[in-house]
Each structure stands twice: as structure tokens, then as C-alpha cells.
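Me: I have a structure open and would like to learn how to read its overall build. Please take me through the features in turn.

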Amino acid sequence: MLYKNLNLLYGEELEYIKNAYLRIENGKITEVGTGGKRVGIDLKGSLIIPSLINAHTHIGDSSFIDCYDELTIDELVKPPDSLKHTLLKKTDENKILRGMRETVQYMAGSGISYFVDFREGGEKGISMLKNACEGAKIGYRVLGRDVKDLSQIHGFGISGVLDMELSYLKQIRKSAEKNGKLFAIHVAENPLSRPFSLYKYRRTEVEVALSLNPDIMIHLTNADLREIKLVRRVKGIVLCPSSNAILGSGIPDIPQIHENSLVCLGTDNVMINSPDMWRELSFTYKMTRVKNGSMKVSEILKMATVNPAKLFSLNSGIIQEGFSLPIIRIRKKYPISLSIDPIRTVISRITPKDIKVLR
Ligand SMILES: [Zn+2]
């Protein structure tokens, strides 16, 4: 199959290529080129961009959307006694599963090719996730815990160094190393964790987490510049700026973290924030303008496409020979039809209604 008469964002650098064509064979991109007369499906000058990747979700709480009012982060999501965990315990399993399924379908329809879920609930939780994704046109990665059969997970997803004993976390780290699994951990989300960590460990939360040599840190909302430089050796950082803002926990220093690390974006808990990566891109873009206006817009789009594809070794999220569909067609109508800077428009104005997912 061949798509012609399109513009696209090519490769790891999202290079803007005009008047291009794309050859697809068995769901894979086999050729990208320009010019020449070809037989194929005419996309009439549409912009084609890579699929989006949601690098951090907790879809298990999808049945409790906007259940909170004036609660702190700990009261809302900290295991084991927060509102989230209480609701999960007392809610019928079928209702939880229905919520997860709807979230998964919403994400697939909005152009997300993969999501990376922090899965609570051990093996049972993982089988529910698989069940929720059955038949859905989306891939996933599981960062789980309390699992005996490690073939069920792609890595470990750890709630934080202040929620668990450090000796236990060190054992998990060793197991991750031995079994070739990723080790991901929430770090410095809550502003109160700094004094608490200094009291408990005589080191900051970032320093303690770093001693576990994690592959991925999530949040870094309240990391200072010294700590942002310290975490350079971590493979990737996943930021969730909308979730942080809703919870009142602060805004991460996105330009500085980007300067030092490979940055991805995630939408975090579904009960708190929409799993809509277009909204996340738009909010992230605006927050970088608040912090520092000089960030390239393509660097922000990479956080939802190229960067997570690299961090999680995915075969989507990049338009290049050898990568798989889906890709996203931005419908050629308002606002993209009037745009002078298409990537800026993509990250700041496009919504799921403006796109078509090509599979
Ligand atoms: Zn999280």
C-alpha cells in the first residue's frame, strides 16, 4: 500500500518533509520518499506524524474519574490506605475492568500506539490489564510488582523510596538486573518528601532513589538543579506535568530536565487526569514557556513519540523504514490548514477530533 501527497515528520529528529509518499507493507513502513508520480491513496497534503506513546499511566483507577476534591497526594494515591486503594478494595472487579477497558479504547482512538502502565495488584492486576487490552488496537508495557512469574512484566514499577523499606527495594533492584527487567520508580513528586527523606535517610529522596541505580525516574517535580544534574545517568525521565498541577505538587523544571536527560511524558492516574496525550503535550508546552521560552517545539513532541520509543524499545512512535503503524494523519482543516509552524500547532492545538489513526 502507498500513501502519497503528504507532508511528514521523519525519523528521530522529526524532520519536516514536504510532498512525500509512504510505502507500507504488512503494517510496516518500508519506504519513505519524495517526488515522482505514483499510484496510491492521495492524502491531499495532510500532515502525517508518528503515533503517540503514553509513558506513564495507572489505568486501574479508571472507574473513579474525578472522585477527589480537597485531598492531598498522600490522601489520594499513597498505598495502602489512600482513597484510591480504598475504592479499589471495595469496588466490584467487573466495574474496575470496564473502566480500564474504556480508557484503553479511548487511548487507542486518540492515536496512542503504546502505553506504559504502573500495575498494582500483582499477577491478578496484570491479568486484568491483559483482559482490558484484548482486541484493542494498542500495545502496552507493564511495570509491575509483587509478581513471581517475571515473564509477565517488562519491568518493576516502584511506588517510592519513602513507601517501602530500602533493603527490600535493593532486592528488587538485584532481581531486575539479573532478569533483564527495567526498574522504574516515582521520585520527588510530593514537596513534603524532601524533609521526610532527610529525616528518615539523612539524604534527599532523589539521592536515595539514585542509590538504587534505577533505569527510569517518574516525576522529579520537586527536584532542584543539583539533583537534576545528578540524575543524568538514569536512562530516562518520565514527567507528568498535568497530574502534578492538578495535585498541587508543583511543576517540574522541564527545560532543565530536558537539557540533562531523555524525557518522556505520561498522564499518570486516570482518576486524576485524562489519558489524552494531546492535552499533555499542550500543557507541557505552555509550562515550558512559563519556565523558559527557548525550548524547540520538536523537542516537546519527541517526549510523546521518539523518546519513549527509544526508552522502551518500541517499534512505533517514529516514522522511519522498519517501524510499524499506526501513524497519525492530521486532518487538513482548521487549525493545521492555517498554521505557519505545523509542529507548534500539533503540540498546542490538535485534539483527538482533528486526527485519523492510520493502521
Ligand atoms: Zn505514577
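**Reading the fold**

Me: How many of the contacts with a separation of 6 or more link residues 24 or more positions apart?

Reply: Two residues are in contact if their C-beta atoms, placed from the backbone, lie within 7 Å. In this chain, 69% of the contacts with a separation of 6 or more join residues 24 or more positions apart. The model is predicted: local features need pLDDT of at least 70, side-chain atom pairs count only at pLDDT 80 or more, and totals for chains, interfaces and linings use all residues. Residues are numbered from 1 along each chain as its sequence is written.

Me: How many residues count as buried?

Reply: A buried residue has 20 or more other C-beta atoms, placed from the backbone, within 10 Å of its own C-beta. By that rule, 47% of the 359 residues are buried.

Me: Which domains is the chain divided into?

Reply: Domain bounds come from an automatic or database domain assignment. Here domain 1 covers 2–50 + 317–358, and domain 2 covers 52–311. Their centres, taken over C-alpha atoms, are 29 Å apart.

Me: Where do domain 1 and domain 2 touch?

Reply: Helices (H or I, at least four residues) and strands (E, at least two) are DSSP runs, numbered from the N terminus. On the side of domain 1 that touches domain 2, helix 14 (342–349) and strand 15 (355–358) are the elements giving two or more residues. Helix 14 provides the largest share, five residues. Altogether, 17 residues of domain 1 contact 19 residues of domain 2.

Me: How many helices and strands are in the chain?

Reply: The chain has 14 helices and 15 strands.

How values were computed:
Buried ≥ 20, exposed ≤ 12 C-beta atoms within 10 Å, placed from the backbone.
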